[in-house]
Number of protein chains: 2
Amino acid sequence: MSASPPELRLENQLCFAVYSAAHAFAQAYKPHLDPMGLTYPQYLVMLLLWEQDGRSVNELGQPLQLDSGTLTPLLKRMEKGGFVTRQRDARDERVTRIHLTEHGKSLRDKARAIPTALLCASGLTLDQLNNLRDQVRVLGENLRE
Amino acid sequence: MSASPPELRLENQLCFAVYSAAHAFAQAYKPHLDPMGLTYPQYLVMLLLWEQDGRSVNELGQPLQLDSGTLTPLLKRMEKGGFVTRQRDARDERVTRIHLTEHGKSLRDKARAIPTALLCASGLTLDQLNNLRDQVRVLGENLRE
DNA sequence: TGACATCAAATTGTACACAATATAATTGTG
DNA sequence: CACAATTATATTGTGTACAATTTGATGTCA
């Protein structure tokens, strides 16, 4: 077996850098989310509900790129945790609407400190972070085409 | 409930751009890996074994940032799939050594076409890709500190 | 209106990811 | 050498992801 070409070396892969950074982010958020009882994907759902409450499962899944197979059990755990309620839409019984509980709403104030803490942990300036975010966003969009 | 501040909006999060791009990568690799019978994390293991065969579980886990809780079942599936063998090291019975099968070795030739296909799908030039990879790698390292 | 396509969620089954714990082999120290 | 500490892997339990299928509600059109 000859030497592996550079394009096949793990350390040279953009995909692995992204994969690895994604896991590192989840770990970096953990100390901030654990005290609230939220996981990282649940926190992403909270961000969407703080922006706009009462979304359907699909209206959460579209921006997150997640389907009901992932969201239904995740939302059930969030319901059990007292963060949200799940109820059928009276006008269209196919739709399940997700509403924040008072506790869920109140967590937004505690969450305000998180972005600053993560900016610091990233070791980037705000400009660098925004620039990198835009590049990574475009990459994701291209890959999904 | 007042409007959510910009720092708490999902679309503005670097973490989400990275999270989303990581999933997009896994999907983009899928059509190339499915015909081989490999999943994306299994492909990462194959990259390491093509570079150097006969690694221990830890010698795979260290570069991948994965522990035996993830790797042991993954490697068992790869063993069942006929890609690798798992056997205890005779000199230190605590260690499990992972070796490529002939089939596993032979897949490297088929994999050579993948990096080019993904570079194309990323919509980036090779220079842009290398530059972005380095930025994302540094980000991951900073977050892990 | 009634058969049929469509749609939104939920369910099922497989595969990561990771914390916490267990097990077994090896090492270090008195 | 005895034995406690360490090390490597495996196991257990919980929580995502996602493909494929199912269930139930809504829309459409002859």
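**Reading the A–B interface**

Visitor: Which residue of chain A forms a salt bridge with B:Arg9, and how far apart are the closest N and O atoms?
Guide: The partner is A:Glu51, and the closest N and O atoms of this salt bridge are 3.8 Å apart. The term stands for a side-chain nitrogen of Lys or Arg within 4 Å of a carboxyl oxygen of Asp or Glu. Between chain A and chain B the count is 2 salt bridges. A word on the source: this is a predicted model, where local features need pLDDT of at least 70 and side-chain atom pairs pLDDT 80 or more, while totals for chains, interfaces and linings use all residues. Residues are numbered from 1 along each chain as its sequence is written, chains are lettered from A in the order written, and side-chain values use heavy atoms, without hydrogens and water.

Visitor: Which elements of chain A give two or more residues to the side that touches chain B?
Guide: Look for helices H1 (14-33), H2 (40-51), H3 (57-64), H5 (102-111), H6 (114-122) and H7 (126-144) of chain A. Here a helix is a DSSP run (H or I, at least four residues), numbered from the N terminus. H1(A) gives the largest share of that side, 13 residues.

Visitor: How many residues of chain A are in contact with chain B?
Guide: Contact means heavy atoms within 4.5 Å. Chain A brings 59 residues, which meet 59 residues of chain B.

Visitor: And how much area do chain A and chain B bury between them?
Guide: Interface size is often given as the accessible area lost when the parts come together. That loss (1.4 Å probe) is summed over both parts. For chain A and chain B, the buried area is about 5,600 Å², with 69% of it on carbon and sulfur atoms. Of the area that chain A buries against chain B, 13% comes from A:Met1, A:Leu8 and A:Leu143, more than from any other three residues.

How values were computed:
Buried area is the accessible area (1.4 Å probe) that two parts lose on being put together, summed over both.
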